[in-house]
Amino acid sequence: MDEPQIVVGAAIWRRGRLLAARRSAPSALAGGWELPGGKVDPGESDEQALVREIREELGVAVELTARVGADWPLAPGLVLRVWNARLTGPAADPLPLQDHDELRWLAPVELDAVDWLPGDRAPVRAAASTCQGDDDL
């Protein structure tokens, strides 16, 4: 059996709010909200891929903290691995540079305000349950 393709996602926290990103591509996912991230390239660790993806997609640096859950199934042959993260470096705001057209910071009580992609719903809830009230993330 082939190894699944790994997709990594970051639950980025700032002042108790979670960053949500609205997909603009591909068309099948456009308009859905997700935790930003992307596929792991050959030769990369999951963590290296996630830091690279956030830099490419949002133009910011992150520090990964705790892994959220185990592998979250997305589709046959595709699994999502999620980490809680915080912004590091210069105080830049994330921008939707690639694959997204809008970003929102959501308080835990606002998580239902966006239409999360199906594969992100459970990881978002799990990340929120680990970080509620933690302003350091």
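I began with Arg67, whose place is in strand β5, strands being DSSP runs of E of at least two residues and helices runs of H or I of at least four, numbered from the N terminus. I was working with a predicted model, in which local features need pLDDT of at least 70 and side-chain atom pairs count only at pLDDT 80 or more, while totals for chains, interfaces and linings use all residues. Residues are numbered from 1 along each chain as its sequence is written, and side-chain values use heavy atoms, without hydrogens and water.

I found Arg67 partly exposed at a relative accessible area of 35% (buried is under 20%, exposed over 50%, partly exposed in between, with a 1.4 Å probe and protein chains only). Its side chain makes a polar contact with the side chain of Asp71 at 2.9 Å and reaches the backbone oxygen of Ala70 at 3.1 Å; a polar contact is a pair of N or O atoms within 3.5 Å, where within protein one must be able to donate a hydrogen and the other to accept it, and residues adjacent in sequence count only if both atoms are side-chain atoms.

I then turned to Asn84 in strand β6 (residues 78-88), which is buried, with a relative accessible area of 2%, and whose side chain makes a polar contact with that of Trp13 at 2.8 Å.

Last, I noted that the buried residues of helix α2 (residues 118-131) include Ala127 and Cys131, and that Asn84 touches residues including Ala127 and Cys131 (contact means heavy atoms within 4.5 Å).

Methods. Lists of a residue's contacts leave out its neighbours within four places in sequence.
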